[in-house]
Amino acid sequence: MNIRIPAVGALVALSIVAGCGTVTSSSDRVNFDGQSFRAKAKVVDKKVSRTDFTVVVKGVSASLDGAREAGRYEGIKFCIANFGSSRIVWKVGPDTEPKNLRISDDKLTFAGTCQRP
């Protein structure tokens, strides 16, 4: 039995998760719909539930579709880094009807709950 393959896979997974919290230069940013968005995910209330979070995406006027995907990406990164799973139940998220999105001051706000593996 070859033990190296699972060990290498675990090392790669840890490297990816460890890199999620690092600051990147603008050349390393992921673009969505040809635009770069500043987005941040954070826990709503640690005392109530660590799995409930919000994502705020700045510059939504550049591209609504791009901002939605940037928010999805940031939510997935947040859940993987904190709970090891990319599964999210969105209260308001990237697939929400445009008329029901929370947009204010050129910022798009999503709310979701990370699902544990």
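Q: What makes Lys77 and Glu74 a salt bridge?
A: The closest N and O atoms of Lys77 and Glu74 are 3.7 Å apart. A salt bridge needs a side-chain nitrogen of Lys or Arg within 4 Å of a carboxyl oxygen of Asp or Glu. The pair therefore qualifies. This is a predicted model, where local features need pLDDT of at least 70, side-chain atom pairs count only at pLDDT 80 or more, and totals for chains, interfaces and linings use all residues. Residues are numbered from 1 along each chain as its sequence is written, and side-chain values use heavy atoms, with hydrogens and water left out.

Q: Where do Lys77 and Glu74 lie?
A: Both are in helix α2, 3 residues apart, about one turn of the helix. Helix α2 spans residues 64-83. Helices (H or I, at least four residues) and strands (E, at least two) are DSSP runs, numbered from the N terminus.

Q: Why is Glu74 called buried?
A: Its relative accessible area is 16%. Buried means under 20%, exposed over 50%, and partly exposed in between (1.4 Å probe, protein chains only). Glu74 falls under the 20% limit, so it is buried.

Q: What makes Lys91 and Asp52 a salt bridge between distant parts of the chain?
A: Their side chains meet at 3.5 Å, N to O. That is within 4 Å, so the pair counts. Lys91 is in strand β5 (residues 88-92) and Asp52 in strand β4, 39 residues apart. Asp52 is partly exposed, at 23%.

Q: Why does Arg72 with Asp95 count as a salt bridge, and what does the pair tie together?
A: The closest N and O atoms are 3.0 Å apart. The limit is 4 Å, so the pair passes. Arg72 lies in helix α2 and Asp95 in the loop between β5 and β6, so the pair ties together parts 23 residues apart in sequence. Arg72 is partly exposed at 23%, whereas Asp95 is exposed at 59%. Glu69, Arg72 and Asp95 are linked in a network of salt bridges. The structure holds 4 salt bridges.

Q: Why is Asp106 called partly exposed?
A: Asp106 has 33% relative accessibility. That lies between 20% and 50%, so Asp106 is partly exposed. Asp106 also has a positive phi, about 65 degrees, although it is not a glycine. Its place is the loop between β6 (102-104) and β7.

Q: Which residues make up the patch of positive charge on the surface?
A: Arg29, Arg38, Lys40, Lys42, Lys58 and Lys107 gather there. Lys and Arg count as positive and Asp and Glu as negative; His and the chain ends are not counted. Patch residues have over 30% relative accessible area and no salt bridge, with like charges joined within 9 Å. Each charge is placed at NZ of Lys, CZ of Arg, CG of Asp or CD of Glu. Strand β3 (residues 38-45) gives the most to the patch, with 3 residues.

Technical notes:
Patch = residues over 30% accessible without salt bridge, like charges linked within 9 Å, V, L, I, M, F, W, Y side chains within 5 Å. Areas by Shrake-Rupley, 256 points an atom, 1.4 Å probe, with all protein chains shown as cover.
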